[in-house]
Structure formats: structure tokens, C-alpha cells
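Please look over the structure shown below before reading on. The briefing goes from the whole chain to one residue.

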Amino acid sequence: MATTVRRTVLTLPAAPVGPPNPLPALRPLDEMHSLDERARQGLPRDMARQIGYEPLRTLLPVRVLDGYGRERTPTRLDAIVIENERLRAIVLPGLGGRIHSLHHKPAGRELLYRNPVFQPADFALNGAWFSGGIEWNIGATGHTALSCAPLHAALVPAPDGGEMVRLWEWERLRDLPFQVDLWLPADSDFLHVGVRIRNPHERPAPVYWWSNIAVEEHESTRVIAPADEAWHFGYERSLRRVPVPDFQGADRTYPLRSEYPADYFYDVPAEARKWIASLDEGGRGLVQTSTDILRGRKLFLWGSGRGGRRWQDWLTEPGTTGYAEIQAGLARTQLEHIRLDGGEEFSWLELYGPLAADAATVHGDDWSAARAEVGSRLSEALPREAVDAAYEAWRPYADAEPAETLATGSGWGALEVLREGHKLPGTPFEESTLGEEQAPWRELLRTGVFPEPRRVTPPGPSLVAPHWRDMLETAPADPLAEYHLGVAQWHAGDLAQAVRSWERGLELAPSRWPLLRCLAVADQQGGNAERAAERYAEAFDDLCEERRDDGDSWTAATVALGREAIAALLAVRRTAEARDVWSRLRPSVLERGRFRLIDAQLLLAEGRAAEARAVFDAGFEVADLREGAEILGEVWSALTDEPLPDAYDYRMRPQS
């Protein structure tokens, strides 16, 4: 059959992502994959330099997504099917362009871990993320802020004369446009993926990319890559070089032979072909390979311990097959960012397909023989020269203009193109995609004035790039403009000036709570916990007086501010005021698992330990529990010396 592309609808049990958190993300980034300067000592010089190169300080201008729950209902998801007689790929353009499924027809075999549900969890840089398939991680260390966001998608001509699907968006953490081109040449066993990241600015930009592939995990699953050493990163936040495959008495290329979650970044020699494979007991499975610029290869495993198993159940359906992740990236580790000069681009080709190798060799004791066997079978199925040739054939098509629109992403790229007039062949950011969130910024660009809202509502998202900050500094000093200016100054590291802007805005602001909350965060960062608590209490009072309805935006604001206010008040032992905030939240909010946990913390602070224990005994689920968070164990330990129940055990590292 000829290669075809068609739209379809996929129905999955899904929990809604919910509205974005309206409070700007002013706090330092909460990302597990980080090293302090001391931990970087002794690393190779180029690796240490790239680990220290432009790490994110905050998530701005991106908003946090933490409004999801755990209740799933059948939900229709737009999908794109790319198919030839050998393979069928299903893409979800509305969810970060995730490849949900890659099915090998001759074997009747799914090559990926295909999650039977859509369940957001707090793993992305900005919160909501889901497991399974192949995801495209761009921006900064961690799962992309686009995990649950729509991308633009369209048909474009493919190098073989057929059609390919182009996905593209403007990545806002680094202010860079990117594209992912997907096509299946006729009769090919390999999905072709062309990726390009462009820097249209004059200044250099830090770039991060990791393609993350979820594969089924069984006792016999083995992950093989062309390396004898790896950089091991555990949730103790240390990076060290270890041998492959045997480390600390076990063969770590079998994901279930580790107890705790960990990353293994394979140290693939510069001259070696870049590939990674996950193979079952019969020597069959998935292989990923690429052109050489995509240097890094990684195995992430959950391990066989209670915490890892609990997370797997949390992210999918209990009782289903577990999964591991094999990954490919621009750097050796995910802790690094790479400099992309102004006006330049990175581009490469990846290929995904089935591989069959001799099972006895793959699972034998000779690691060199296993690597050689897989490498040889890959060369037979897809010679290295063929990959390089396919990349060169694709490059002229990367600029091809889209023919038929398949999906629409955000309007942020259109706003940047409108501001700067960027010429980006192949990835049009049409003015027609501008929406309500971009409207006030378009008005600022057109008139030099940031418009005041026509009705009382929580403030919209802030923009923080230098050019927007400059425009806000010259705009009339209205309260809302001062609010957004302070956010931009905070992002730039000018904390004192941010505070001055917020204080100026507060003098005339009809809506005080957004500015008071920003000032409260500044107080916390400055070590003034008492004043932070006072400002949080005042902000919550003001919000309760101002809110107009129970709509999504007002509910999200109340939930987010209430949660922060309670934490700030408890930190200075103002327990009665914290309980007062809790009591003014809607009953439906108090039923959420996060607020059941907060209730237990309040009860504990009030000296009512038995009632706090009863909250745990009754059972609750914190839908937005953060990757690596240990809060459940900490509160439990304050209540009892009994072992932490399985239902609350999400620990990802050994107990110290």
C-alpha cells in the first residue's frame, strides 16, 4: 500500500488537564535533575560547563498546570495516523505531538509502551505530564512544558514524493521555534523523524533536546547501547561514571534488576554509531538510531522497589505492563544545555523501527558480543550510510511550506513573528492564531499601552523576554502594567526593582491580591517569613472579596492562592489563620487529595494528631504529587513510627 496520512479520533479514559494556575511561577525551578557546583567537581570540563550553562531560574513565562484530578472518563482525542504496509504510527497533536503508538504490522506487534489511559501527573517542568509513547522534550532539563499542550500540525511534501506530517511550535522557556517532521517511506520498517531547532535572535540561546521513548518492561527486557560506561544519576542528586552492564552486583541493563529509579546516560564514543535498543527474551523489540549530532543515549528505569512500582500504577492502570524509557539527546546527560548561536540551527534525523537479534547472544554474559550482535543486525536493516543519506534528502524539504492544516497550536509564536518579523520558512506562525491571551500584548505592541481589563478577572499570563520588558518599562505605569513589569524584572534577576514595581502598582490597584501575592513571594525569598505570611493573609482576604463567580479562572486562583497562603502561615505557626483560609475554600476543593493532606498538616499543627492520622486511614490521593516528593512520608513520620503504607509510598531513593 502507498503511505497514507489521515485524521482520526482516539478514545481513552482521560482525566482533564484543567485550567492553568493563574499565579506567575516566581519560585526557583523545582527540578530533580540538578547538580550544585560542588557536585560538578571532577566531571569532564565540557560536561561541567554545559551543566552550569544557563539553567532555568523560573518557569516564566510558562504557567503551571496543576488543576487535574484522578477521575477519568472516556474522552475523544484528535489523532493523526501515518501508515504504510509495514508500520502504523498514531500521533497526538493536541498533547505535545506525542507518538502514542508505533505498530509493526508483519509481526502484529506494538513497539512502544502504549498507555491505555491519559492521566496527568506532576512530572513536567510545568506540572502536567503523562507517560507512554514517544515525546519530544525541548526547553530545559526535565519533561517539556509542552507535554500537554497543542502543537501546530500540517501536511508537507516528503522527500520520497509522498506526504509527511510536520509538527511545530514556539518553545517559550527558551524563546525558540522548532519542528518535528514525521514520514514513512513506502515499504520502510522505520519511522523517519526530522527535527530542527532554530534561533532567530541575535543572541545565543541554551538548547535542550531529548526524545523519550517508553518501552514495555518485563523481567527479560534488556536495553543495549554501544557503550562500556555510563553516567549514573539517582534521586540522591549525584552524577558518577559507572561500568556497563554490571554495577553494584547486578546487570543494570535489565531495568527490573534495580530497586530504585535511576538514569543511566551511556557514554557512547564520539566515533561510534548512535543507537539504543530495547529487546525481549526472544531478542525482538525496538531500535532507535540517528545522525551523529544526537549524541546522548539513556536508560531510565523505575526499578523493582515499592516506590517505583507505585509510580507506575499511578501513571497508568494498576495491573498493566510496566515500562522503562530509552532516550536520545543532544548532550551526554540531561543536566546539560548546549549553546546555539544567533541565526543558527540544530537539525538531525531519527529513525524508529523493529529489530530482531539472536536471543542467546543478546542475553548472554558477553556484553561486547551482545552489543556487536545488535549493531550488526541494525546495520543489515538500516546501514549507517542510509541514515546520513536520508537526512541529506530531508534537509531541502524542511523549508517546505505546509499544504493542509491538521491541527492548531498556540498564538505565542504568531505574536513573536508579529513583533520581530522573523522569516521562518516551513513553520508559519499565522496572525490568525492570535487569541485572547495574546490580545493585551498585541495592544502593547501596537500602542505602547498595556490595556486595563474590561471586567474584574485574574490577570492573564506575563511575558518576560527583554523586548517585552523594555516595552513595559516605557508604557504608562498603570497597576496591571506594573504587575507584569515586576514579573519580567523578577525573571531577569532584578528582584529589588521587581518589588518596587509591585509596590507602585499596589498604590492604585483596584485588584490588590495579585500584587500582594508577588510581594509575599519576594518576602519569602528574602527570608522575611512573618511579613510574607501577613501579605498572603491580606491577599487571600482581598481575593475572597473580589471573586465574581465559581468559574474556572476564579476557582483556580482561589485554590492556588489558598494553598500558598496556608503553607506560609503554617511556616510561622499562625495556625488559626491558616485554618481560617482552609475553611473559606469551596467544599469541592477541600475534597481534593491535596487539601486532604493539607488538612492533616493543619490538624497536626493544632495538636490533633489522632484526627490527622484518621485522614490517612480514610485514604486520599494527591493528584499533583511532584516527582521525587517525600511530603507524604514526612507527615506520616510525624504521626507514627509505623511503616509508611504502600498507598503513600512514592519514595524514589533509599532512606537516609
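Two residues are said to be in contact when heavy atoms of theirs lie within 4.5 Å. With that meaning in hand, the predicted model can be read as follows: among the contacts between residues at least 6 apart in sequence, 71% join residues that are at least 24 apart.

**Overall fold and dimensions**

- The protein contains 18 helices together with 27 strands.
- Its radius of gyration is 25 Å, and because this is close to the 26 Å that the globule rule gives for 656 residues, the protein is as compact as a globular protein of that length.
- Taken along the principal axes, the C-alpha trace of the protein spans about 70 × 65 × 50 Å.

- Of the 656 residues in the protein, 59% are buried.
- The protein exposes about 25300 Å², and carbon and sulfur atoms supply 47% of that area.

- The relative accessible area of D649 is 4%, and because buried means under 20%, D649 is counted as buried.
- The side chain of D649 makes a polar contact with the side chain of R651, at 3.1 Å.
- When neighbours within four places in sequence are left aside, the residues in contact with D649 are R306, G307, R310 and L644.

Terms used
Residues numbered from 1 in each chain as written. Predicted model: local features only at pLDDT ≥ 70, side-chain atom pairs only at ≥ 80, totals over all residues. Heavy atoms only, no water. Helix = DSSP H or I, 4+ residues; strand = E, 2+ residues; numbered from the N terminus. Rg over C-alpha atoms; globule rule 2.2 N^0.38 Å. Buried < 20%, exposed > 50% of the residue type's maximum accessible area, 1.4 Å probe, protein only. Areas by Shrake-Rupley, 256 points an atom, 1.4 Å probe, with all protein chains shown as cover. Polar contact = N/O pair within 3.5 Å; in protein donor to acceptor, adjacent residues only side chain to side chain.
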